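This report goes through selected local features of one protein model. Please keep the sequence and the coordinates open while reading.

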Amino acid sequence: MYVPFESLPTDSRIWIYQSNRKFSDEEMNEIETALQAFLVNWSAHGTSLESSYQLRYNRFIILAVNQEVQNATGCSIDASVEFIQSLEAKYNVDLLDKMNVTFKLGEHIAHKQLIDFKKMVKDKAVTENTIVFNNLINNIEEFNESWEVPAVDSWHSRFF
């Protein structure tokens with residue numbers, strides 16, 4: 001069951017998928033339609049999941065589930081991953097590779113493989129104050145407080 005993102009409690013579980021490239025506005029509209037269709041029918045053991053999404057920066061897909069109503073289960077999580085994989089295939093993008101880093105360079109959103117990010121750190125092209133996207137967060141509260149943070153305040157700090 002799709003609900004507005006803002007109506008979900010802050011302890012709702014989230015999953016963040018980052019694209020290795022920016023989606024066009026047309027692609028974003030198509031993805032939004034596909035997400036709504038998926039979420040309307042998303043369920044766990046026959047019970048609808050109260051769920052929502054956000055699309056950010058033409059690059060991030062954020063799925064959320066209110067676990068106070070119904071927990072996402074292995075099968076329902078598998079269904080969401082299959083949905084994300086279908087988007088990967090349709091748009092020829094990578095959304096599941098966790099070995100990539102997305103960060104801000106001024107107003108630009110940059111996406112690099114982890115090895116390239118480490119080299120940028122070594123070359124001082126990024127600093128501890130560079131804003132990174134911490135996609136390892138687990139709920140909406142963490143998303144609101146700790147998704148876009150200076151690298152020093154996230155798991156990226158280990159590279160400095």
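The model is predicted, so local features need pLDDT of at least 70 and side-chain atom pairs count only at pLDDT 80 or more, while totals for chains, interfaces and linings use all residues. Residues are numbered from 1 along each chain as its sequence is written, and side-chain values use heavy atoms, with hydrogens and water left out.

## Salt bridges

A salt bridge is defined here as a side-chain nitrogen of Lys or Arg within 4 Å of a carboxyl oxygen of Asp or Glu. By this rule there are three salt bridges. Accessibility is described in three classes: buried is under 20% relative accessible area, exposed is over 50%, and partly exposed is in between, with a 1.4 Å probe and protein chains only.

| Arginine 21 | Glutamate 27 | 2.9 Å |

In the pair of arginine 21 and glutamate 27, the arginine is partly exposed at 27% relative accessible area, whereas glutamate 27 is buried at 15%.

Helices (H or I, at least four residues) and strands (E, at least two) are DSSP runs, numbered from the N terminus. Lysine 104 is partly exposed, with a relative accessible area of 24%, and glutamate 148 is partly exposed with 28%.

Two strands are taken as paired if DSSP finds at least two bridges between them. S6 and S7 run antiparallel and are joined by six bridges. Lysine 104 stands opposite isoleucine 109 in S7. The hairpin of S6 and S7 has two residues between the strands, and glycine 106 there takes a positive phi near 65 degrees.

Which residues of helix H3 (residues 114–122) are buried? They are Leu114, Phe117, Met120 and Val121. These residues sit on the same side of H3, because they cover an arc of only 115 degrees around the axis, the arc being that of the directions from the helix axis to the C-beta atoms. An α-helix has 3.6 residues a turn, so residues three or four places apart point the same way. Ile115 and Lys122, on the other side of H3, are exposed.

The buried residues of H3 pack against strand S6 (100–105), strand S7 (108–113) and strand S8 (131–133), where contact means heavy atoms within 4.5 Å. Lysine 124 follows H3 and has a positive phi, near 65 degrees.

## Methionine 28 in helix H1

Methionine 28 lies in helix H1 (residues 25–41) and is buried, with a relative accessible area of 9%. Leaving aside neighbours within four places in sequence, methionine 28 is in contact with Phe23, Leu55 and Asn58.

Glutamate 88 is found in helix H2 (residues 74–91).

The side chain of glutamate 88 has a polar atom 2.7 Å from the backbone nitrogen of leucine 95. A polar atom of that side chain also lies 3.2 Å from the backbone nitrogen of leucine 96. Not counting residues up to four places away in sequence, glutamate 88 touches Val93, Asp94, Leu95 and Leu96.

## Positive phi outside glycine

Histidine 45 is not a glycine but has a positive phi of about 50 degrees. Histidine 45 is in the loop between strand S2 (43–44) and strand S3 (47–48), and is exposed at 68% relative accessibility.

Tyrosine 57, also not a glycine, has a positive phi of about 55 degrees. Tyrosine 57 is placed in the loop between strand S4 (51–56) and strand S5 (60–65), and is partly exposed at 34%.

How values were computed. Polar contact = N/O pair within 3.5 Å; in protein donor to acceptor, adjacent residues only side chain to side chain.
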